[in-house]
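Here is a short briefing for a first look at this chain. Take in the sequence and the fold, then read on.

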Amino acid sequence: ILEEERPPVELRQRKKPKSSENKESAKEEKISDIPAPERVPKHVLFQRFAKIFIGCLAAVTSGMMYALYLSAYHERKFWFSNRQELEREITFQGDSAIYYSYYKDMLKAPSFERGVYELTHNNKTVSLKTINAVQQMSLYPELIASVLYQATGSNEIIEPVYFYIGIVFGLQGIYVTALFVTSWLMSGTWLAGMLTVAWFIINRVDTTRIEYSIPLRENWALPYFACQIAALTGYLKSNLNTYGERFCYLLMSASTYTFMMMWEYSHYLLFLQAISLFLLDIFSLKQNDKVYEVYKIYIFSLFLGYLLQFENPALLVSPLLSLVAALMLAKCLQLNVKKGSFVAKIIKVINFYLVCTLTITLNIIMKMFVPHKENGHMLKFLEVKFGLNMTKNFTMNWLLCQESLQAPSQDFFLRLTQSSLLPFYILVLIICFLSMLQVIFRRINGKSLKETVTLEDGRIGERPEIIYHVIHTILLGSLAMVIEGLKYIWIPYPALAMLLLELWDFFHFSRWASSVRTVALILSMAVPTIIGLSLWKEFFPRLMTELMELQEFYDPDTVELMTWIKRQAPVAAVFAGSPQLMGAIKLCTGWMVTSLPLYNDDDLLKRNENIYQIYSKRSAEDIYKILTSYKANYLIVEDAICNEVGTMRGCRVKDLLDIANGHMVCEEGDKLTYSKYGRFCHEVKINYSPYVNYFTRVYWNRSYFVYKINTVISFQS
């Protein structure tokens with residue numbers, strides 16, 4: 001009887017309403033999933049909060065202290081506050097002078113709209129040329145700085161130059177804070193961030209050019225790039241909650257777009273980052289959606305940047321757009337196959353080939369249909385740099401002779417080794433790379449990977465943010481080994497070396513005794529502390545010595561030249577000379593010039609080469625025709641260029657001009673063309689015919705000789 005009554009009881013239980021059944025089952029699951037004894041104790045929560053609070057405080061403090069350090073160092077180096085306005089402006093050299101001059105023009109404009117119009121239709125800078133200075137020179141930082149200066153009422157409190165450099169120093173503080181956060185996210189301890197900041201400041205010569213050229217575009221842009229990398233690092237983490245993921249996504253979107261607007265070469269750096277994410281997508285199975293969300297940010301930033309940069313064609317023909325478009329198309333063509341199967345491996349190989357082919361094809365098509373002239377000289381430079389082509393062109397050879405565009409010197413590696421950065425970096429990079437290879441080998445064998453990898457698992461190669469950083473730093477480091485100027489983008493990656501603090505997990509792989517874990521925890525805290533104390537003892541006295549030394553920027557010849565121009569030269573006069581000096585004249589006097597120290601415009605590059613002919617072996621008549629073709633009224637000859645004694649044979653301006661003009665043999669088999677004229681910059685100083693027929697010396701000092709270009713030629717015997 002009992003056996004016969006048991007089924008009806010079971011049937012009655014199944015006939016209960018579904019809603020109540022679901023509620024009861026849900027309650028049972030909650031009770032089983034989150035038992036009361038496993039709740040996080042309050043003291044653990046307090047420890048986590050204290051750790052986060054101390055880390056955030058240390059990050060912000062590090063950034064503020066670095067900004068104050070830069071301000072104090074700049075004051076002591078140039079004795080800035082005790083200088084007159086003209087002497088302060090002379091400290092901005094080359095293209096930095098051009099950027100700051102447009103900031104001054106914006107402050108002098110009757111309104112913001114009028115100032116922007118004058119910059120976008122500028123015909124008062126370069127003779128016989130109307131340029132869109134905002135687009136061509138990426139003057140958005142100057143526009144923002146001028147608006148903030150006037151909107152905040154700072155014109156009644158602080159001088160324009162202090163407001164301008166203060167913003168740049170503040171951005172450098174944000175730069176350091178972003179590096180701190182990146183290191184913290186990857187290592188799991190804020191001590192790593194402190195060590196990253198220490199290495200960044202100690203290697204300041206190789207990490208930034210802020211102390212030499214404050215208004216450079218990279219000084220405005222790289223802090224936003226550092227914020228973008230920090231947000232991307234957090235976004236790629238597997239154990240990130242929903243709110244943290246949204247915050248990282250929004251910060252990444254804003255910083256990517258801002259970075260693209262601040263620097264004309266930003267899309268090339270983002271292209272390298274996109275390559276790193278593409279390789280991450282190949283090596284990792286769990287981050288496809290996140291990686292493609294980043295691609296969407298690239299597309300949005302390129303589209304919005306194209307519109308707000310006056311339909312800049314360089315963004316349409318950029319390799320970044322072609323790569324992202326190819327990746328999106330390849331994603332649409334991907335097949336759903338079983339993970340780890342032989343077919344999946346074949347699909348991955350086909351996908352890689354497809355993306356590479358589509359990227360090249362799309363870029364060629366875009367360049368065929370989109371008219372562009374931007375950065376065409378860069379490709380020619382790279383061809384000559386890597387030995388794919390030979391040229392006697394003055395501009396190309398002059399660029400190749402620039403120190404920042406050559407391979408790193410031995411001193412560069414010695415400096416990084418002395419600060420212990422390079423040895424730690426290489427050690428950690430090797431370990432991380434080997435861990436990546438281990439993960440790839442596991443995937444090839446069809447072994448599954450963990451859904452979520454934590455620091456305690458010891459499998460660093462399975463963490464997507466680590467894979468990304470390893471690939472990205474290898475790409476940047478490879479380029480820095482070819483072009484030294486890229487070290488300012490690569491060296492701030494000591495954050496990767498901070499992973500050493502968690503590499504002790506390799507000892508146990510979650511299987512060793514708890515005592516080993518305790519030793520690993522102690523070592524992870526002791527290692528950065530010991531390194532930090534040793535760096536403090538060795539390098540902190542040097543930093544204090546730099547702040548205590550009162551230096552002085554002394555250039556009386558340039559001050560006298562600018563003073564003479566402002567007092568004696570007509571307002572409508574046009575000056576010709578080296579591009580670097582022309583930038584200073586534009587800033588300090590406001591007079592029109594024939595050329596500018598900018599290298600992203602073919603016409604300006606041609607002008608620079610033609611004006612530099614004043615240091616070649618050309619006749620007075622040839623130089624006169626060149627100068628009058630640009631409506632120049634005054635010529636300035638610099639004694640430092642004319643009598644230059646360079647350390648590198650064949651890299652002096654006059655040597656490069658002789659090579660371009662055939663007056664010097666640079667290769668075997670070249671024919672030497674003897675010039676019957678002496679070097680113009682020497683001959684014009686002697687004041688004899690025919691030079692005095694075309695040029696009249698009106699001013700000179702120890703460094704500069706100013707000649708008025710005669711409008712009426714008087715032939716004298």
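At what angle do helix 5 and helix 27 pack, and how far apart are their axes? Helix 5 (residues 95–108) and helix 27 (residues 579–588) pack at about 15°, with axes 8 Å apart. The model is predicted: local features need pLDDT of at least 70, side-chain atom pairs count only at pLDDT 80 or more, and totals for chains, interfaces and linings use all residues. Residues are numbered from 1 along each chain as its sequence is written, and side-chain values use heavy atoms, leaving out hydrogens and water.

**The chain overall**

- The chain has 33 helices and 5 strands. Helices (H or I, at least four residues) and strands (E, at least two) are DSSP runs, numbered from the N terminus.
- Of the 717 residues, 49% count as buried. Buried means under 20% relative accessible area, exposed over 50%, and partly exposed in between (1.4 Å probe, protein chains only).
- Among contacts between residues at least 6 apart in sequence, 72% join residues at least 24 apart. A contact means heavy atoms within 4.5 Å.

**The helix 5 and helix 27 pair**

- Axes are lines fitted to C-alpha atoms, for helices over the stretch in contact, and angles run from 0 to 180 degrees between N-to-C directions.
- Helix 5 and helix 27 are therefore roughly parallel to each other. Angles under 35 degrees count as roughly parallel, over 145 as roughly antiparallel, 65 to 115 as roughly perpendicular and the rest as oblique.
- The crossing of helix 5 and helix 27 is left-handed. That term applies if the near helix is turned anticlockwise from the far one by less than a right angle; clockwise is right-handed.
- Helix 5 brings Ala97, Ile98, Tyr100, Ser101, Lys104 and Asp105 to the meeting. Helix 27 brings Gly583, Ala584, Lys586 and Leu587.

- The 5 strands form an open sheet in the order 2-1-3-5-4, with mixed pairing. Two strands pair if DSSP finds at least two bridges between them.
- Strand 2 (592–593) and strand 4 (695–700) are at the edges. Each has a single partner strand, so one side of each lacks a neighbour in the sheet.
- Strand 1 (residues 574–576) pairs with strand 2 in the parallel sense, over 2 bridges. Phenylalanine 575 stands opposite valine 593 in strand 2.
- Strand 1 also runs parallel to strand 3, joined by 2 bridges. Alanine 576 has leucine 635 in strand 3 as its bridge partner.
- Strand 3 and strand 5 run antiparallel, joined by 5 bridges. Tyrosine 634 has lysine 708 in strand 5 as its bridge partner.

- Helix 26 (residues 556–568) lies across strand 1, strand 3 (634–638), strand 4 and strand 5 (704–709). Helix 26 runs at about 25° to strand 5.
- Helix 29 (residues 620–629) packs on the sheet and touches strand 1, strand 3, strand 4 and strand 5. The direction of helix 29 makes about 75° with that of strand 4.

- Threonine 189 is in the loop between helix 9 (160–187) and helix 10. Threonine 189 is buried, with a relative accessible area of 9%.
- Threonine 189 and glycine 55 are 134 residues apart in sequence, and 8.1 Å apart in space, C-alpha to C-alpha.
- Buried residues of helix 10 include Leu191, Leu195, Trp199 and Phe200.
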